[in-house]
Amino acid sequence: TSMQHIYDPDFQNKDLAAKTTAALDKLADAFKTMQWASQKENGFSPLQQKLLFFIAYHGPTENTVSQLVKEFQVTKATISDCIKTLEQRKLLTKVLNHKDNRRFHIALTEKGKEVVAQLTEPATPVYNALETESSEDLKQLYTSLFSILSKLNKENTVALSRSCHDCKAYRSDGINHAFCMELRTQLHPENRRIDCPKHQPK
């Protein structure tokens with residue numbers, strides 16, 4: 001039998017999983033369009049922008065070259081080139097580990113912090129569209145997306161490095177709402193996180 005493809009409308013329109021995959025593919029296109037529009041506006045490639053934003057809001061542990069490679073699922077050479085370009089523009093700097101001079105993490109310079117503060121969020125149109133959805137629909141959507149991302153993370157298709165999905169502090173018995181030992185609070189499905197500063201690797 002021949003392969004079925006999500007771009008085939010006949011397959012899409014009789015299979016909800018196919019139609020949803022096609023819808024997510026359209027969303028992926030929308031993100032690319034927004035990122036390229038943002039590049040025209042500020043001169044940063046999509047990866048450079050993501051790197052600047054990520055480094056701005058994460059700490060030394062996450063901002064090492066090896067962690068950034070995992071986070072963005074690109075090669076070490078790609079990340080290194082990206083860092084080098086942003087270093088030349090005086091936006092990023094390497095901070096040596098005082099205990100081990102061979103180790104370092106990447107940080108924003110003062111100029112880098114100023115630039116990030118001025119950058120507009122490329123995904124604003126998607127955020128605005130989601131904000132107008134009913135809160136019940138949004139809760140359901142996020143819960144489904146969390147489940148899908150967790151499954152794809154198991155297959156190494158996406159990188160979820162700091163989510164409840166693989167956190168020591170997350171407890172769930174499948175009957176009651178899950179509980180976070182770190183935040184000391186019950187977690188409803190829509191409150192599970194995909195990037196938590198208090199994440200504890202299992």
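1. The largest pocket holds about 2,600 Å³ of space. A pocket here is an open set of points on a 1 Å grid over the protein atoms alone, with protein on both sides within 12 Å along at least five of seven lines. Its volume is the space filled by probe spheres set on the points, which are joined across faces, edges and corners. The model is predicted: local features need pLDDT of at least 70, side-chain atom pairs count only at pLDDT 80 or more, and totals for chains, interfaces and linings use all residues. Residues are numbered from 1 along each chain as its sequence is written, and side-chain values use heavy atoms, with hydrogens and water left out.

2. The largest pocket is lined by 48 residues; a lining residue has an atom within 4 Å of a point. Closest to the pocket centre are Phe31, Lys50, Ala123, Leu149 and Ile194. Helices H2 (16-42), H3 (46-57), H4 (65-72), H7 (124-131) and H8 (135-154) each give two or more residues to this lining. Helices are DSSP runs (H or I, at least four residues) and strands are E runs of at least two, numbered from the N terminus.

3. The lining of the largest pocket has 32 nonpolar, 8 polar and 8 charged residues. Ala, Val, Leu, Ile, Met, Phe, Trp, Tyr, Cys and Pro count as nonpolar; Asp, Glu, Lys and Arg as charged; the others, Gly among them, as polar.

4. There is 1 cavity of 30 Å³ or more. A cavity is a set of points where a 1.4 Å probe fits but cannot get out. The largest cavity holds about 70 Å³. Its lining includes Cys164, Cys167, Cys180 and Cys196. By class, that lining has 4 nonpolar, 2 polar and 4 charged residues.

5. Gln49 sits in helix H3. Gln49 is buried because its relative accessibility is 2% (buried is under 20%, exposed over 50%, partly exposed in between, with a 1.4 Å probe and protein chains only). Its side chain makes a polar contact with the side chain of Ser38 at 2.8 Å (N or O atoms within 3.5 Å, one able to donate a hydrogen and the other to accept it; residues adjacent in sequence count only if both atoms are side-chain atoms).

6. Most residues other than glycine have a negative phi. Gln73 has a positive phi near 50°. Gln73 lies in the loop between H4 and helix H5 (76-88) and is partly exposed, at 43% relative accessibility. Lys90 has a positive phi of about 65°. Lys90 lies in the loop between H5 and strand E1 (92-97) and is exposed, at 56%.
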